[in-house]
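Open your viewer and get ready to select a few residues with me. We will go stop by stop.

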Amino acid sequence: MSDSLFADASRRLEQALKYVSLSEDTTERLKYPKSTLIVSIPVRMDNGSLRIFQGYRVRYDDTRGPTKGGIRYHPKVSLDEVQSLAFWMTFKCAVLNLPFGGAKGGITLNPKELSKMELERLSRGYIDAIADFIGPDVDIPAPDVYTNPMIMGWMADQYNIINRKLCPAVVTGKPVTIGGSLGRDTATAMGAFFVIETLLPKFDLVPQNTTVAVQGFGNAGAEIAELLSKAGYKVVAVSDSQGGIYAKKGLDIPSIRQFKESNRSIKAVYCEGSVCNIVEHEVLTNEELLALDVDVLVPAALENQITEANVHNIKAKFIFEVANGPTTSDADKILKAKGVNVIPDILVNAGGVTVSYFEWVQNRSGLYWTLEEVNQRLKLKMIEETEVIWKIAQELSISMRTAAYVHGLNRLGEAMNAKGTRDYYVNG
Ligand code: NAD
């Protein structure tokens with residue numbers, strides 16, 4: 001893939017447009033983000049020096065409601081990446097029928113190089129910089145890669161300080177004690193689990209005979225590995241940024257998670273242990289993990305992991321995209337030709353934003369739900385939309401990815417039409 005991530009992301013839209021009948025207003029609007037903010041965040045470091053960090057917030061489209069999307073802390077964060085993630089969020093919220101548009105934010109940094117106090121100053125500084133751009137009825141941030149509930153807590157608190165009142169619904173993914181929702185920490189993986197459990201039986205796959213490899217062992221990856229393993233799937237490989245481990249008979253996921261947690265020197269904001277440190281398994285690289293001969297491959301790390309360069313090595317029969325954008329559009333075509341079923345990110349990982357929506361609803365109503373209620377509502381939504389997308393894919397003989405875009409586009413188109421289109425003004 002030689003062009004930008006956003007150009008590649010837009011290609012999915014072009015493919016889906018062939019199967020929907022939309023006003024030209026809709027297609028024109030969806031080509032561009034609504035607004036883009038680039039900020040410089042000055043942070044006083046522990047040694048007294050001043051360091052300036054670059055941050056972004058992109059609001060892609062708000063036709064269906066306030067924009068919603070996570071904040072990423074990563075050395076590779078760029079405007080191109082944030083804009084692509086905001087674009088995907090727009091479709092994800094439409095696919096799940098949430099009353100939200102799409103947004104995303106990020107700061108370019110390696111968060112592991114900062115002390116906790118520097119991280120707090122940076123997170124509060126980011127909110128100082130974007131405060132006029134966000135709000136419970138405007139744009140609602142949430143966690144993403146290398147951000148977590150504590151960081152969301154700092155951000156919500158900073159917004160409250162600026163506004164001189166409590167506005168818990170401005171940020172989701174907060175700690176439960178300050179307005180977070182029960183079940184938000186496990187929601188992305190839980191949502192993905194419901195999608196997997198809805199689709200695999202259609203191919204006569206049962207957990208006991210299904211092997212799984214999971215790339216990425218963070219919030220989403222470690223949890224989906226554990227959920228699948230508890231349900232009887234054989235999770236044979238997992239990895240993090242430092243590499244992976246493999247055991248043909250299946251891995252003991254709870255022990256691996258415990259190991260990662262207990263290897264933190266103190267109860268830190270970031271997990272510092274690596275799954276590679278567990279010795280009783282074969283060690284493998286991330287490239288080797290992606291090429292394993294398993295039934296199900298779950299990319300749960302970052303975008304652009306399955307590309308033209310390595311797609312020919314893929315042997316999995318199903319790919320459930322827990323990460324955002326792990327497969328490039330070129331690789332997608334080759335996977336289709338190879339008969340690999342790719343279940344797209346905008347459906348598979350939508351459990352996170354769905355429970356973020358539940359958190360926003362709870363914050364605004366002041367009535368808090370039990371964990372059972374949250375998980376039950378999540379289950380119903382994930383299964384319902386998975387079945388609809390499956391039906392669209394069967395009826396139109398298209399991939400699950402294109403079907404998901406068709407589904408989202410129909411909802412976005414309907415909302416845009418409701419505000420008036422050329423047909424209304426010229427012909428009607
Ligand atoms: P995280 O920071 O908790 O975990 C990321 C994991 O990926 C870490 O274990 C890291 O070591 C690993 N990793 C990084 N680079 C890697 C590489 N090259 N190979 C293998 N592993 C690598 O992040 P997360 O919240 O779990 O997010 C993971 C993905 O899921 C992202 O694409 C994110 O956008 C997506 N996602 C997350 C949520 C959520 O609620 N957390 C919701 C929707 C989508």
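Keep in mind that the model is predicted.

**Stop one: helix α10.** Select residues 329–338, which make up α10. Color Ser329, Ala331, Asp332 and Leu335, the buried residues of this helix. Look down the axis: these buried residues fall within an arc of 145°, so they line one face of α10. In general, an α-helix has 3.6 residues a turn, so residues three or four places apart point the same way. Now find Lys333 and Ala337, which are exposed on the other side of α10. To see what the buried residues pack against, show α1 (5–17), β11 (318–320), β12 (341–343) and α14 (400–417). Just after the helix, click on Gly339, whose phi is positive at about 85°.

**Stop two: aromatic rings.** The structure has 14 aromatic pairs. Start with Phe203 and Trp390: their ring centres are 5.6 Å apart and their planes at 80°, so this pair is edge-to-face. Phe203 is in the loop between α6 and β6, while Trp390 is in helix α13, 187 residues apart. Next, select Phe358 and Trp369, whose centres are 5.3 Å apart with planes at 50°, so the pair is tilted. Phe358 is buried at 4% relative accessibility, and Trp369 is buried at 12%. Then show Phe6, Tyr60, Phe87, Phe91 and Tyr405, which form one aromatic cluster.

Methods. Residues are numbered from 1 along each chain as its sequence is written. This is a predicted model: local features need pLDDT of at least 70, side-chain atom pairs count only at pLDDT 80 or more; totals for chains, interfaces and linings use all residues. Side-chain values use heavy atoms; hydrogens and water are left out. Buried means under 20% relative accessible area, exposed over 50%, partly exposed in between (1.4 Å probe, protein chains only). Helices (H or I, at least four residues) and strands (E, at least two) are DSSP runs, numbered from the N terminus. The arc is that of the directions from the helix axis to the C-beta atoms. Contact means heavy atoms within 4.5 Å. Rings of Phe, Tyr and Trp (its six-membered ring) pair if their centres lie within 6.5 Å; planes under 30 degrees apart count as stacked, over 60 as edge-to-face and the rest as tilted.
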